[in-house]
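Thank you all for coming; I would like to walk you through one structure this morning. Please have the sequence and the model open as I talk.

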Amino acid sequence: MEAAPLSSLQEEGEPDESSSSSAFSAAAVPPRPATHHSLHKYAPTDWSAYFDEERPVAIPDTEDVFNVYMAGSEGPVVFCLHGGGYSGLSFALAANQIKGKARVVAMDLRGHGKSSTSDDLDLSIESLTNDVIAVIRTLYGDPPPAIILVGHSMGGSVAVHVAARRAIRNLHGLVVVDVVEGTAMASLIHMQKILLNRAQHFPSIEKAIEWSVKGGPLRNIDSARISIPSTLKYDESKEW
């Protein structure tokens, strides 16, 4: 699938070009350049307003280093697993609400965000499950504090498998969001193709955030402004 052309994104307040074909229709008016207002609306925001710490977790005797975001200082640990194509920062808004009553840890799964492993293309359920167990053990030892697993979409499937392993002692809860286990499992083998078929290049971070809200996977602008930048990499070979 070709990446969606950025020119197809309407700026704020721009009329719908499909509404008329007359000489006075929007189709006859040159597209309006981005305004300061629209750029500000989609400007990235920093994770530090929602999480207290960003920490690399190196797994002993491996090349794997997982990036986690942490908030709160006491209470059970709400351990969050994001969906395919997202990052731990997709839980930023939720973390801001939870951290006064519990600790929150949001992990970048392998192949996502700032995590780095020996094989970032291996998104098998076995590897993803092993990764989560390894991060929890590295952070907290055995036994860990009370753990509540929360998973969205692909992360929900991973959370179910972590719980089913019974490898995490002191697991007190399991929450899955927007996931049907059979469908999520069947989708894992296609996840790389799904991710590659998303829009691949943007001229700016603001345009990537705008695309994610208008035509991509997110509808919450605040969440997109926090989480989308962590899914991007700067490409010096591209000129706009």
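**Overall picture**

Let me begin with the contacts, meaning heavy atoms within 4.5 Å: among those in the protein with a separation of 6 or more, 71% are accounted for by residues 24 or more positions apart. This is a predicted model, in which local features need pLDDT of at least 70 and side-chain atom pairs count only at pLDDT 80 or more, while totals for chains, interfaces and linings use all residues. Residues are numbered from 1 along each chain as its sequence is written, and side-chain values use heavy atoms, with hydrogens and water left out.

The secondary structure comes to 8 helices and 6 strands, where helices (H or I, at least four residues) and strands (E, at least two) are DSSP runs numbered from the N terminus. Along the sequence the pattern reads α-β-β-β-α-β-α-β-α-β-α-α-α-α. Of the 240 residues, 40% count as buried, which is to say under 20% relative accessible area, with exposed being over 50% and partly exposed in between, using a 1.4 Å probe and protein chains only.

Turning to the strands, β5 (residues 147–152) pairs with β6 (residues 171–177) in the parallel sense over 6 bridges, pairing being called if DSSP finds at least two bridges between two strands. Within this pair, Val 150 stands opposite Val 175 in β6. Together with helix α4 (residues 154–165), β5 and β6 make a right-handed β-α-β unit; right-handed here says that, with the strands pointing away from the viewer, the path from the first strand over the helix to the second runs clockwise.

How many of the residues of helix α7 are buried? Helix α7 (residues 205–214) is mostly covered, with 7 of its 10 residues buried, and these are Lys 207, Ala 208, Ile 209, Glu 210, Trp 211, Ser 212 and Val 213. What covers the buried residues of α7 includes α8 (221–227).

Finally, a word on a loop. Gly 111 lies in the loop between β4 (103–107) and α3 (125–140), and Gly 111 counts as partly exposed because its relative accessibility is 41%. The C-alpha atoms of Gly 111 and Asp 122, which are 11 residues apart along the chain, are separated by 7.9 Å.
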